[in-house]
Amino acid sequence: MIPVNTPFLNGNEKKYLNDCIDTGWISSEGPYVQKFEKNIANYIGQKYSTACSSGSAALDIAVKALGLKKDDEVIIPSFTIISCAQSLVKLGVKPVLVDSDYETFNMKVEDIEKKIRPQTKAIMIVHVFGLSADIDPILKIAKKYNLKIIEDAAEVIGQEYKGKKCGSFGDISTLSFYPNKHVTTGEGGMILTNSEELNKRAKSLRNLCFSQDPEKRFIHEDLGWNYRMTNIQAALGVAQFEQIDKMIEKKRHIGNSYNKLLKDINVINLPIYKTDYCENIYWVYAITLKDDYNKTAKEVILELKDYKIGSRPFFYPMHKQPVFNNMGLFLKVNLPQSEKLYEKGFYIPSGLALKNEEIFKVSEVLHKVLV
Ligand SMILES: *Cc1c(COP(=O)(O)O)cnc(C)c1O
């Protein structure tokens, strides 16, 4: 079986993990946590960072740190992971969904402004699958209406928009270090910001809002979570991050190899290689079936499985999620591009440990299945 993702752990991971065990520092108090935070903040270009237990946790913290509350509205793409919407819904904040561009997979910038109402407080930018979202026009809208930016850069660690790192644009930005992301800590996430105030709140929310005043240690003014990252996770992260440039080069190598090998299959659309503002980083290698092709993505995924090739469907649009529809959310929402992406899209193996011969094998099987 060629799995859809396999992480690459061939640097100093073992050495730093041994160090955790040798020194006894295994909890979130250990020194790797701050080291990892500092390295990532410097790299992305935000002043402060807060490591936490997952990318979903980072979003929960970001939304609460911004002070968003019941009946506020936040504009987000429908075509993304559930974490983006649930971080809002759980606090009573209403996600207002925008459709996505069929070719870049990113939120349609031209649809954002018509969704803005007095209740709108923020825009959540999510970079999807490897191309940066088109940031400048979104920042312009945010400025015009005085909206905050939450930037979810989980899928594009190392990607740049016009030469500046993704994750550097949000009032508050988030990352994930799940094993299919470009840097992994097994499970983990991070919150980034230039604001001292937001940083303080993020650190407090991560740690159950314990008081910073030693005399009031167990007296709580607000509710947070235990979303702390352990020293063991951070040790992995520090080792992984030492190789970030190599990881990105590898991702682009995989993407560009598939681009060449698959370009003669005429029933599919390949991912865009570059836009005016970025070059694809291929977090996943995302394919859509052409309109007139007679198989669905679901059928292709099953056939690939018979050939022992792992693949995954695209995100199920947020406005169709039963959990939200059952809460009365999104019942009249109709976003055709997001729905079509789900019908037509799938992604193929592109993990950092993927070997060249596996890329050839995947291509060979795709040529057999996609006829
Ligand atoms: C992976 C991902 C997350 C969630 O991260 P976890 O660490 O799995 O909780 C959030 N947002 C986006 C865009 C992601 O791709």
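This is a predicted model: local features need pLDDT of at least 70, side-chain atom pairs count only at pLDDT 80 or more; totals for chains, interfaces and linings use all residues.

Q: Salt bridges. How many salt bridges does the count come to?

A: The count comes to 14 salt bridges. One of them pairs Glu-37 with Arg-206, with the closest N and O atoms 2.9 Å apart.

Q: Which helices do Glu-37 and Arg-206 lie in?

A: Glu-37 is in helix α2 (residues 31-44) and Arg-206 is in helix α6 (residues 196-206), so this pair ties together parts that are 169 residues apart in sequence.

Q: And are Glu-37 and Arg-206 buried or exposed?

A: Both Glu-37 and Arg-206 are buried.

Q: Ok, next pair. What is the closest N and O distance between Glu-73 and Arg-117?

A: For the Glu-73 and Arg-117 salt bridge, the closest N and O atoms are 2.3 Å apart. Glu-73 sits in strand β2 (residues 73-77), while Arg-117 is in the loop between β3 (94-98) and β4 (120-126), so parts 44 residues apart in sequence are tied together.

Q: Which residues do salt bridges with shared partners join into one network?

A: Glu-73, Lys-94 and Arg-117 are joined into one network that way.

Q: Switching to helices. At roughly what angle do the axes of α1 and α7 cross?

A: Roughly 155 degrees, for helix α1 (residues 13-23) and helix α7 (residues 231-241), and their axes come within 8 Å. Since an angle over 145 degrees counts as roughly antiparallel, α1 and α7 are therefore roughly antiparallel to each other. The crossing of α1 past α7 is right-handed.

Q: Which residues meet there, between α1 and α7?

A: From α1 you have Glu-13, Tyr-16, Leu-17 and Cys-20. They meet Asn-231, Ile-232, Ala-235, Leu-236, Val-238, Ala-239 and Gln-240 in α7.

Q: What about α8 and α12, how do the axes cross?

A: The axes of helix α8 (residues 244-262) and helix α12 (residues 356-369) cross at roughly 35 degrees and come within 10 Å. α8 passes α12 in a right-handed crossing. On the α8 side the contact is made by His-253, Ile-254, Ser-257, Tyr-258, Leu-261 and Leu-262. On the α12 side the contact residues are Asn-356, Ile-359, Phe-360, Val-362, Ser-363, Leu-366 and His-367.

Q: Now α4. How many of its eight residues are buried?

A: Six of the eight, so helix α4 (residues 82-89) is mostly covered. The buried ones are Ser-83, Cys-84, Ala-85, Ser-87, Leu-88 and Val-89.

Q: And what do the buried residues of α4 pack against?

A: They pack against α3 (55-65), β2, β3, β4, β5 (148-152) and α10. With α3, the axes come within 9 Å and cross at roughly 35 degrees, and that crossing is right-handed. Ser-56, Leu-59, Asp-60 and Val-63 of α3 meet Ser-83, Cys-84, Ser-87 and Leu-88 of α4.

Q: Single residues, then. Where is Gln-321?

A: Gln-321 is in the loop between β12 (312-313) and α10 (322-325). At 16% relative accessibility, Gln-321 counts as buried.

Q: What does the side chain of Gln-321 reach?

A: The side chain of Gln-321 reaches the backbone oxygen of Tyr-316 at 3.3 Å. Setting aside neighbours within four places in sequence, Gln-321 is in contact with Ile-82 and Tyr-316.

Q: Last one: which strand is Thr-288 found in?

A: Strand β11 (residues 285-289). Thr-288 is buried, with a relative accessible area of 4%.

Technical notes
Residues are numbered from 1 along each chain as its sequence is written. Side-chain values use heavy atoms; hydrogens and water are left out. Helices (H or I, at least four residues) and strands (E, at least two) are DSSP runs, numbered from the N terminus. Buried means under 20% relative accessible area, exposed over 50%, partly exposed in between (1.4 Å probe, protein chains only). A polar contact is a pair of N or O atoms within 3.5 Å; within protein, one must be able to donate a hydrogen and the other to accept it, and residues adjacent in sequence count only if both atoms are side-chain atoms. Contact means heavy atoms within 4.5 Å. A salt bridge is a side-chain nitrogen of Lys or Arg within 4 Å of a carboxyl oxygen of Asp or Glu. Axes are lines fitted to C-alpha atoms, for helices over the stretch in contact, and angles run from 0 to 180 degrees between N-to-C directions. Angles under 35 degrees count as roughly parallel, over 145 as roughly antiparallel, 65 to 115 as roughly perpendicular and the rest as oblique. A crossing is left-handed if the near helix is turned anticlockwise from the far one by less than a right angle, and right-handed if clockwise.
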